[in-house]
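Subject: Handover of a structure and the findings from it

Dear colleague,

Please find below the structure that I am passing to you. The findings follow directly after it.

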Amino acid sequence: MKHFAELYAQLDATTKTSEKVIALVRYFQSVPAADAALAVHLLNGNRPKRAVATTKLGAFAARAAGLAPWLFAESYDVVGDLAETIALVVQGVRDERSPVLGEAQTQPLCHWIDVTIPELARLGAQNNEIYVPEDALYTAVSSHWLSLSYIECLVFNKLITGGFRAGVSEGLVQRALGQVAGLDGKIIATRLAGKWLPTAENYQRLIAPDAGEKDISQPYPFFLAHPIGKEPETLGARHEWQAEWKWDGIRCQLVKRDGQVFLWSRGEELISAQFPELLVAAAALPDVVLDGEILVQFETSIGTFADLQKRLGRKAPAKKILTDLPCMFMAYDLLELARQDLREQPLRVCRAALLSTVNGMPATRLLQVSEIVPAPSWASLRVARAESRARGAEGLMLKRLDAVYGQGRTVGAKGAAWVKWKIEPLTLDCVLMCAQRGHGKRANLYTDYTFGVWQRLAAVENALNAAPHVGVDTPKSVEEARKLVTFAKAYSGLSDVEIAEVDAFIRKNTLEKFGPVRTVTPKLVFELAFEGIQRSNRHKSGVAVRFPRILRLRHDKKAEEADSLDSVMALLASISRG
């Protein structure tokens, strides 16, 4: 724990890539393989499940520090991060008692993850009619707090709450491991792809000069595109770029080796069982690895992501689901053929091989190769892009024909090899209704917002328009004839200055508190952008939006001038007609 906590502190203390890599290399070179494996797992975004409820931890910390619950709550309100608040209040108690630190610190990270945290989870769990008293859990947790230094206590708290995050990207971890092993970081990334289990044996294979035969199911790291940023003409000659439709499905790698087929999502989840029809269709393929997208395909159109969501999470989809929501795999790139890695081959070579491989199969709608958009100039491609929404696409993907398949969002000597040229988002003006604090460095600011649109109250509006009768109350204005209904949640898009401005407004205009949520006076208007909209019975507004984000604060608009459900439904209808 001591070494891992020191690494966490070093990563958190700098924004320099070189310093982060140095800290990672030193750590991996100095700890046992079992600890290194778990560190890789944690630093790559994998977190243990929450072992102890956060409400209990707050009560335990107040008890351990001799604080009244309200005082701990106020401290938490100021600090904004539970793990940090606990570490700070416990630090004072430990300094007073001056315990001898050592035994808990020297326990390896694997002991904390594999033994200590599961034991805490067991103590806090209810098992049928047997319940371990909270005193046992409090004694165990508080003893760990008092045996750890401040930074160790902080990391411990983040681990047991399931909230561990470190200031480092997967790419930097892979680069550091490459330096430790004397290997290219791309090799490390490939070995980590898929379901990599954090064991000492797997770590040794990860950094071995020759890892031997790989798991036949293992995918490759995904190559990602950059937003276009500027006008497409700045990319160079049109004939140097391949243009494809950008669909809104599940990015996926289809891996077929030794006659077995595996489907991996971009999040490195194995989703084969959820799409049995694709496994059957892929049986006719030779050994290949295809990069593509899973889409719902109706008779005459491509389904939305909302349609696709109905297929997810089902280990054995029922026949009705398979019939109502038929899926297909749209192949974009050929990464491997007959066990030969083709990622270093230019796109124009791989594209030709992809066409001959997939188009040579028996006729099927389940496996298709993406269509090339036939526009010879940037001007004509701009016209084609305007058709995206009518086709159900998000825009265009542009790929440099002489580029190789990379990993992550890499930039080559000629700039970005893959660029996404999305259509302009849909927008609506909404009213801020609720807010709660963010996470990490924003934990002390209200940065997570809930927005609403106006809904007419027909009965009240009718009373307003009807002739008044004696003894019947009628609303005094049109504003009283409507209410706000929740439309979307968003937290990105504002500058630091704007966040501070909105935070101050929220604190001054709070109406009610519901746990971490504050409702506010409906005054602030924001323009929200989103990629798609569809009907939804799970939302009060009757619709759900895709990727909502804040475009700007509308100081030029009053709350009553924000959009209504009528405008939302009109927007939905216009898209349906398109």
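Helices α2 (residues 17-30) and α3 pack with their axes 8 Å apart and at an angle of about 145 degrees. Here axes are lines fitted to C-alpha atoms, for helices over the stretch in contact, and angles run from 0 to 180 degrees between N-to-C directions. Helices (H or I, at least four residues) and strands (E, at least two) are DSSP runs, numbered from the N terminus. The crossing of α2 and α3 is right-handed; a crossing has that name if the near helix is turned clockwise from the far one by less than a right angle, and is left-handed if anticlockwise. On the α2 side, L24, Y27 and F28 meet D35, A36, A39, V40 and L43 of α3, where contact means heavy atoms within 4.5 Å. By class, the residues of this contact are 7 nonpolar, no polar and 1 charged. In this division Ala, Val, Leu, Ile, Met, Phe, Trp, Tyr, Cys and Pro count as nonpolar, Asp, Glu, Lys and Arg as charged, and the others, Gly among them, as polar.

Please note that this is a predicted model, in which local features need pLDDT of at least 70 and side-chain atom pairs count only at pLDDT 80 or more, while totals for chains, interfaces and linings use all residues. Residues are numbered from 1 along each chain as its sequence is written, and side-chain values use heavy atoms, with hydrogens and water left out.

As to the whole, the protein chain has 22 helices and 23 strands. Its C-alpha trace spans about 90 × 75 × 50 Å along the principal axes. Of the 578 residues in the protein chain, 49% are buried; buried means under 20% relative accessible area, exposed over 50%, and partly exposed in between (1.4 Å probe, protein chains only). Among contacts between residues at least 6 apart in sequence, 74% join residues at least 24 apart.

The largest nonpolar core has 68 residues, and F4, L24, F28, W145, L177 and Y203 are those with the most contacts inside it. Helix α3 (residues 33-43) gives the most to this core, with 8 residues. Such a core is a set of buried Ala, Val, Leu, Ile, Met, Phe, Trp, Tyr and Cys residues joined through side-chain atoms within 4.5 Å. Leaving aside neighbours within four places in sequence, F4 is in contact with Y27, A39, L42, L109, V155 and F164. Another core, of 32 residues, lies apart from the largest one, and F505, L565, V568 and L572 are among its residues.

The crossing of α8 and α9 is left-handed. W112, T116, L120, L123 and G124 in α8 meet A136, L137, A140, V141 and H144 in α9. The residues of this contact divide into 7 nonpolar, 3 polar and no charged.

Most residues other than glycine have a negative phi. A338, although not a glycine, has a positive phi of about 55 degrees. A338 sits in the loop between β8 (327-337) and β9 (340-341) and is exposed, with a relative accessible area of 58%. F547, also not a glycine, has a positive phi of about 55 degrees. The loop between β22 (543-546) and β23 (549-553) holds F547, which is partly exposed at a relative accessible area of 45%.

D566, in helix α22 (residues 565-577), is partly exposed, with a relative accessible area of 44%. The C-alpha atoms of D566 and F547 are separated by 21 Å, and the two residues are 19 apart along the chain.

Finally, two helix residues are buried. S388 lies in helix α19 (residues 388-391) and is buried at 0% relative accessibility. Beyond neighbours within four places in sequence, S388 is in contact with W245, A393, E394, G395 and I423. A281 belongs to helix α14 (residues 276-282) and is buried at 11% relative accessibility.

Yours sincerely
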